[in-house]
Amino acid sequence: MDKIGLYLQYPFVRYALIVGVLIALCSSLLGVTLVLKRFSFIGDGLSHVAFGAMSIAAVLNLTNHMLLVLPITVLSAILLLRTGQNTKIKGDAAIAMISVGALAFGYLIMNIFSTSSNLSGDVCSTLFGSTSILTLSIWEVVLCIVLSLAVVVIFVLFYHKIFAVTFDESFAKATGIKADQYNLLIAVVIAVIIVLAMNLVGSLLISALVIFPALSAMRMFGSFRAVTICSAVLSVICAFLGIMISIVAGTPVGSTIVAVDVAAFAICYVIGRFGKKA
Amino acid sequence: MAIITAEHLTLGYDSQAIIKDLHFSVNAGDYLCIVGANGSGKSTLMKTLLSLQPPMSGTIRFGDGLKQNEIGYLPQQTVVQRDFPASVREIVLSGCQARCGLRPFYNKEEKALAEQNMERMSITHLADRCYRELSGGQQQRVLLARALCATRKVLLLDEPVSGLDPKVTAEMYQLIKDLNKEGITIIMISHDIDAALNYSSHILHIGEHIFFGTRDQYLHSKTRRMFLEEEKGGEA
């Protein structure tokens, strides 16, 4: 306890907590929709795209990586959710294609052009997030707060429409809801969340942030609203605990959060299993 | 005056026409059954009626105060829905979504409408239950209540009894018949030609030979005889 109190006096620890909790909240909100739309792996695919874009930005020596990474990721998200409705290449195959392709190109570009002496270290930290969450500047924290607020507000305002479009797209379209526009909105929001989340857990573990809270909540509840609220709460708690544990135990932030998420899933599974029988 | 009129309608995929030069019209209060073999274009016709897919040529006109988005639709169930965590009330309410426009939340009127339609389908006691835990017949009632929230005039039903057992099937048909008596126009796609003849007022038979007319005309039509012979031929 003393140790945590001591650490909380450092601003970078407080920043990490704020950013971590906000990202966990945002990613869990759309997680339910993604899991139900059979897009569980979109987090992984898009984060690899972001990784590829980031390596291009690094090679081009751009001062602000976000300017390149965000548009490319948003574009891929739109393409992916589009192909989901087209039957030529199914959603999972499209995601796998883009994901592997972007990862390979990113590494290739870094390998050929990189000026850094510690290449594998660079790659590792982009993929696994390493310690970047502990080196956030005040501007990054502000940016993250603004974008997270925007995501939450958009989600609340469009909650019922997202539900209608996720549950039954053809019914929604038939009754005159512009389903394509809402799919587009979902794609853009997801891309923003993923680019944000890369700072926290790195490319590889974003999927976990998106799907674990949603899956855990779905074990226990039967209504969309309860599942959404529960997954948001779970995700925030897990992120908070994960960051705390990683600080105290000196473990990597991203993997610790995911480990806590996995544990939460196991607990929810047991509760869902035996709670219903009782 | 007809509420839906189709003229010179040609439907198909990828520039390949399945149905050519189709004419039919639906009046308020009709009970139209669309029958035909698999692949004859029943679902394509349904999608076109719902404006999900444009016709290759020809027109569909909506008349008599019916707007395109005032059609209630009962789709076939998708895989996604089978394990979707949603309560019955949430699903029925989502039928009101089109009324909202850009307004983010439902108002009292829409909530009352949802309750009323759950009452109508006698599923009020299931309102807080999870959709995926319900039986097939109950799920169909939920989706029917949702469709009723979207319309007061016309219901399009896509194989509403597929996968239901005989008892529930009969209940479902009765339910649809009752809705028709209350003044709702029914357009139903069906495999089940016997049920179609039992309940409907008009028949649209699509396939190689197209027939459109009242049930009595259909009973004495060439199309039906040919269809019956084809079926017998297929079974033999």
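I started with K173(A), which forms a salt bridge with E169(A), the closest N and O atoms being 3.9 Å apart. For salt bridges I used a side-chain nitrogen of Lys or Arg within 4 Å of a carboxyl oxygen of Asp or Glu. The two residues sit 4 apart in helix α9 (residues 169–174) of chain A, so about one helical turn separates them. Helices here are DSSP runs of H or I with at least four residues, strands are E runs of at least two, and both are numbered from the N terminus. K173(A) is partly exposed at 31% relative accessible area; buried means under 20%, exposed over 50%, partly exposed in between (1.4 Å probe, protein chains only). I also found E169(A), K173(A) and D180(A) linked in a network of salt bridges.

Ground rules: this is a predicted model, with local features needing pLDDT of at least 70 and side-chain atom pairs pLDDT 80 or more, while totals for chains, interfaces and linings use all residues. Residues are numbered from 1 along each chain, chains are lettered from A, and side-chain values use heavy atoms, with hydrogens and water left out.

Next, chain B. E7(B) pairs with R61(B) in a salt bridge at 3.3 Å between the closest N and O atoms. E7(B) is in strand β1 (residues 2–13) and R61(B) in strand β4 (residues 57–62), so the pair ties together parts 54 residues apart in sequence. R89(B) and D128(B) meet in another salt bridge, 2.8 Å from N to O. R89(B) is partly exposed at 28%, whereas D128(B) is exposed at 63%.

Then the interface. I have 36 residues of chain B in contact (heavy atoms within 4.5 Å) with 28 residues of chain A. Together the chains bury about 2700 Å², 64% of it on carbon and sulfur atoms; buried area is the accessible area (1.4 Å probe) that two parts lose on being put together, summed over both. F84(B), P85(B) and Q97(B) supply 22% of what chain B buries against chain A, more than any other three residues. The rule finds 1 salt bridge across this interface: D168(A) with R146(B), the closest N and O atoms 2.8 Å apart.

Last, the inside. The largest nonpolar core has 144 residues, and L144(B) is among those with the most contacts inside it. A core is a set of buried Ala, Val, Leu, Ile, Met, Phe, Trp, Tyr and Cys residues joined through side-chain atoms within 4.5 Å. Helix α10 (residues 179–201) of chain A gives this core its largest share, 12 residues.
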